[in-house]
Structure formats: structure tokens, C-alpha cells
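This report goes through a few contacts in one structure. The structure itself comes before the details.

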Amino acid sequence: MKNLKISFKLMVSFGVVIVLLLIVAATSIISLSGAKSNIEYLSNRTMNSTNHAWQMRRDLMSVQRNMYKAVATFNQSEVDDFLAEADSDVQSLYSSMELLRATYGGDMSDLDSLKAAIDSTGEIRREAAELARINTQEANEKAIEILNGEYSARYDKSVDLLRSISDGVSARAAVKADDADSQSAMAVILVISISAVSLLVAVGFAFYISKKHFKSCKRD
């Protein structure tokens, strides 16, 4: 009968320890899962969105540069080459915009505003390109006036919107990084705390049972 009582107490003590260890395991899994989710967000969304945004910025700058080159020369072959490069940059620009839309984690209306601003630069760019193809002093001067005026204003607006979008991506990335750090720190604290409690419970049960068993043997 006494052995039965001791066996029961041992079973209870080991059961409590096992439950606490399961809690440690569950806590670790949940915390690691949350951290993994944030890390995946950083790698799959933030990095890709940042890369696409920077590519768009480079394309915008390249379009502007090639347009100025096209209206600064009277060599028709060079004009055609510069305008062709500008058109290629525009295609890359819109391709990067679609890729950004697929990975962007913010308000899609931001991208709609950016697209509208870039579309508006296209209208002015095509007007300047037609003047560049005429390839006369008067036409080039008119094209430069357009590029320095309305085109430049719309270009600056596009760049400002793109910069704002990039800042938003960085801000969300910072929040996700902080969340990942917090979850990792919390997981460590919980695991250490519950492990310490498990150890104390195991030692306490062992001491209690051995003390009871010693007293029982002493009476016998």
C-alpha cells in the first residue's frame, strides 16, 4: 500500500514536470513561428519592395537623362537611340511598378497615385520626344523648355511619391523587426522561467517523496 502511494506521488510529480515541459515546447513553437513570420515578411516583402522601388527611381532618372540627351544633339541617329533608351526605361519602370504592387504591404492607393503621376509624365515626355525628332534648333529649345517646366514638375512629384512609399516600406520593416526581437526575447524569458519552475517542482517533489519514504522506513 505504501509502495502504491509512493508510485502515485511519483506519477503525479513526473506528470506535472511533463506538463510544464510541454508548455515550454508550445511556447517556443508559438514564439518561433511568430518570429519566422516577421522574418519572412522582411525577406519576401520588404527587401523585394525596396529593390523594386529603387529600380523605379533609377528608371525615372534614366528616362529624364535620356530625354535631355535627345534634345541636346542634332545627330538624328543619336536622337533615335536616346529616345529608344528612354522608351526601354519606361517599360522597365512599369514592370517594376507591377512587381512592387505584388509585394507592397501598404495602402494600394499609394501605388495608384504613383502610377497616375508617372502616367502624367508620359504625356509630356511624348510631346518633348516629338519635338526632339524634328531635330531643329527651335524644336529642341521648345523641348528643353517643356522638360525644364511641366515635365520636371511632374517628375519631381513622382519622385516624392516614390520616396514616401519607400519610407513607408522601411517603417513597416522596422516594426516587423522590433516584433521579431520582442517575440524572441519573450520566448527566451518564458522558456527560462518555465524551465526553472519545472526544475523546482521536480526537486520539491523528489525531496518531499524521499522525506516521506524515509520517515515511513524509519517507523518500520
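Which residue forms a salt bridge with K115? The partner is D119, and the closest N and O atoms are 3.0 Å apart. A salt bridge here is a side-chain nitrogen of Lys or Arg within 4 Å of a carboxyl oxygen of Asp or Glu.

This is a predicted model: local features need pLDDT of at least 70, side-chain atom pairs count only at pLDDT 80 or more, and totals for chains, interfaces and linings use all residues. Residues are numbered from 1 along each chain as its sequence is written, and side-chain values use heavy atoms, with hydrogens and water left out.

**Salt bridges**

Side chains of opposite charge can pair when their charged atoms come close. Under the cut-off above, the count is seven salt bridges. Three of them, including the pair already named, are described here.

D119 and K115 are about one helical turn from each other, because they are four residues apart in helix α3. Helices are DSSP runs of H or I with at least four residues, numbered from the N terminus.

R101 and D112 also meet through their side chains, at 3.3 Å from N to O. R101 belongs to helix α2 and D112 to helix α3, so this pair ties together parts that are eleven residues apart in sequence.

R154 and E123 form a salt bridge at 3.6 Å, N to O. R154 is in helix α4 and E123 in helix α3, so the parts tied together are 31 residues apart in sequence. Salt bridges with shared partners join E123, E150 and R154 into one network.

The table gives the relative accessible area of residues in these pairs. Buried means under 20%, exposed over 50%, and partly exposed in between, with a 1.4 Å probe and protein chains only.

| Residue | Relative accessible area | Class |
|---|---|---|
| R101 | 23% | partly exposed |
| D112 | 41% | partly exposed |
| K115 | 30% | partly exposed |
| D119 | 27% | partly exposed |
| E123 | 48% | partly exposed |
| R154 | 22% | partly exposed |

**Helices α2 and α3**

Helix α2 covers residues 76-103 and helix α3 residues 108-134; they pack at an angle of about 170°, with their axes 12 Å apart. Axes are lines fitted to C-alpha atoms, for helices over the stretch in contact, and angles run from 0 to 180 degrees between N-to-C directions. The angle makes α2 roughly antiparallel to α3, a term for angles over 145 degrees.

Contact means heavy atoms within 4.5 Å. On the α2 side, the contact includes R101, and on the α3 side it includes D112, K115 and D119. The contact residues divide into twelve nonpolar, one polar and seven charged. Ala, Val, Leu, Ile, Met, Phe, Trp, Tyr, Cys and Pro count as nonpolar, Asp, Glu, Lys and Arg as charged, and the others, Gly among them, as polar.

Rings of Phe, Tyr and Trp (its six-membered ring) pair if their centres lie within 6.5 Å, and planes under 30 degrees apart count as stacked. The count by this rule is one aromatic pair. Y151 and Y155 form this stacked pair, with 6.4 Å centre to centre and 20° between the planes. The two are four residues apart in helix α4 (residues 137-219), so about one helical turn separates them. Y151 is buried at 2% relative accessibility, and Y155 is buried at 8%.

**M47 in helix α1**

M47 lies in helix α1, which covers residues 2-70. M47 is exposed, with a relative accessible area of 52%. M47 and V169 are 122 residues apart in sequence, while their C-alpha atoms are 9.0 Å apart in space.

Methods. Parallel < 35°, antiparallel > 145°, perpendicular 65-115°, else oblique. Phe/Tyr/Trp six-rings, centres within 6.5 Å; stacked < 30°, edge-to-face > 60°.
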